[in-house]
Structure formats: C-alpha cells, structure tokens
Amino acid sequence: MKNTVKTFQQQKDEHKKITMLTAYDYSTAKIMDKAGINGILIGDSLGMVMLGYEDTLSVTMEDMIHHTKAVARGAKDALIVADMPFMSYQTSIYDAVYNAGRLIKEGRAQAVKLEGGASVCPQIKAIVDASIPVMAHIGLTPQSVNAFGGFKVQGKSEETAKRILEEAKQVEKAGAFAVVLECVPEKLAELITKSINIPTIGIGAGPNCDGQILVYQDMLDMYGDFKPKFVKQFAHVGAEMEKGIKEYIKETQDNVFPAKEHVFKIDDDVIKKLY
C-alpha cells in the first residue's frame, strides 16, 4: 500500500505507530521499502553520515536533490520526505517555495521537511498553499546548533517547554501534515501529541509520539563509535561489513579468491590458437 500524508493521519487517528528512517541512496531505500517502512526521510544528516561534514550546515540543494532522486527510484510504497537544507528557506518565502518545488519536481520527493517553529510558519503556509506537503521539525533543530550551543535536549524548563508546545500548535495551524519532535523530554512529547491533531514523529522524544524516526546508520551501528542516548542499535552491520571486507582482503592476498566457481571458461583450443 502506498503511504501518503493521508495514511499518516489515518495511522494517528487509529493509534497505529508510524515508522520512518533516513535513507540517502537507491539500494538502501529499496531494502527499507521492501521491509515495509511507512516513510523515508532524505535528511540533511547526509552531510555527516554520507559526506563526512561535522554538521548539517554545509549541505546544499544540489546535494539534497541528488540523494532524493536516488531514494525515490528505490522506494515505491514509502512516503518520500526531503529535508530543506540550511538557508534554502530562511531567506524569504519566495526562496522557500522555490526550493521546496525543486525537491518535488527535480528530486521526486512527495513532501518536504523544514526546521523551526513560529519563525518559519509563513514559509510553511506558503509551501502548503503551493500544494506541497510540509513536515515540520521542532525541539532540537540541528541547523540551529550554533545558536543552541551544541546538540542539547530542548524543553526542560517551564519557559522552553511552553514555547515548544506553542510551536507545535503554530506549525499545525500553518498547515504542516506532521511534526518531528527531536530531543525533547518524554512527558512533553506526550503532551504535544495529545494537544495537536497532526502526527508527531519522535527522535529522542520517548515512546508516546505517533511515530518514530532514526538515522539508519545509527540504528544499524554503522556510524563510528558515537551512539546518541536515544538510539537503539537493532543490528551491528558496521562490524559485519568490516569482517567481510577483511576476509575479502585475506582471500585475495592468499589467492583463494576468485575460486573456480567465480571464473568464466574458454575452450583450450581457442587459447592455443592465440599463441
């Protein structure tokens, strides 16, 4: 069944959890789609996990379009959501709508995601008015890492908790079909989920959101030694990859690979005529 913004809303209404993961390439998206994931986010996290940047701030529109196209080719049933990178929507409403349109038209995304609360509500409304679904993102917003002073849990004080709750209501009013809650306390995320009608997608926000999302390299233990507190490693793919690569190196150096079953044959008479 094809996942859409309508099926996401239906899952919230029916109290069925929404599942999302990040992906950045064709083959990974195809595997996720086959597994039955509801939504795939081409996150600007690709800057860190795919391109080796220290943060997400250097990711460009061209980066996002390139990777979104690859994912869209691989996933047929999952809802494809593409991140709007830093400074692709903050500069003006025109830029926001134009760049969102590029992710839909060139990248073949089915929705876009942008970070921020009240300050980006005009952009959310304008993008939605252009018939492009928008997923909002509040709490810890990585594009604002310099303003936050690092990657820190948001909403622990009365003041910041009240602000995040209000922002959730504002992005819903602006037309967002869902909202990501990142690194906010469990009870605050639960209150937000009960206070708005659109689905909440949690990452580091506890089990009471309408759905969950993780960076797939984190949940498969592929991304170095750092593991955020909110991540569960469901498999240890990185270690298995390293093991396989080491075995390949050894067998190649020992002349064990390629073996007879891996080579193509030619008639000996043909070879004799070549000498």
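How close do the axes of α5 and α6 come, and at what angle do they cross? I began with this pair: the axes come within 9 Å and cross at roughly 45°. I took axes as lines fitted to C-alpha atoms, for helices over the stretch in contact, with angles running from 0 to 180 degrees between N-to-C directions. Helices (H or I, at least four residues) and strands (E, at least two) are DSSP runs, numbered from the N terminus.

**Entry: basis of the model**

I note that this is a predicted model, in which local features need pLDDT of at least 70 and side-chain atom pairs count only at pLDDT 80 or more, while totals for chains, interfaces and linings use all residues. Residues are numbered from 1 along each chain as its sequence is written, and side-chain values use heavy atoms, with hydrogens and water left out.

**Entry: α5 and α6**

The angle between α5 and α6 makes the pair oblique; angles under 35 degrees count as roughly parallel, over 145 as roughly antiparallel, 65 to 115 as roughly perpendicular and the rest as oblique. I recorded the crossing as right-handed. A crossing is left-handed if the near helix is turned anticlockwise from the far one by less than a right angle, and right-handed if clockwise. In α5, I93, A96, V97 and A100 meet P122, Q123, A126 and I127 of α6, where contact means heavy atoms within 4.5 Å. I sorted this contact by class and found seven nonpolar, one polar and no charged residues. Ala, Val, Leu, Ile, Met, Phe, Trp, Tyr, Cys and Pro count as nonpolar, Asp, Glu, Lys and Arg as charged, and the others, Gly among them, as polar.

**Entry: α6 and α8**

I next looked up helix α6 (residues 121-129) against helix α8 (residues 158-174), whose axes come within 8 Å and cross at roughly 25°. That angle makes α6 roughly parallel to α8. The crossing of α6 and α8 is right-handed. From α6, the residues C121, I124, K125 and V128 meet Q170, V171 and A174 from α8. Five nonpolar, one polar and one charged residue make up this contact of α6 with α8.

**Entry: α8 and α9**

The axes of α8 and helix α9 (residues 186-195) come within 10 Å and cross at roughly 30°, which makes α8 roughly parallel to α9. I noted a right-handed crossing for α8 and α9.

**Entry: G238**

Where does G238 lie? I located G238 in helix α11. G238 and M222 are 16 residues apart in sequence, yet 4.2 Å apart in space, C-alpha to C-alpha. Leaving aside neighbours within four places in sequence, I found G238 in contact with L220, D221 and M222.

**Entry: backbone details**

I checked the peptide bond from F257 to P258, which is cis, with omega near 0°. P258 is found in the loop between α11 (237-253) and α12 (268-272). For R108, a residue other than glycine, I recorded a positive phi near 65°. R108 has its place in the loop between α5 (93-105) and β4.
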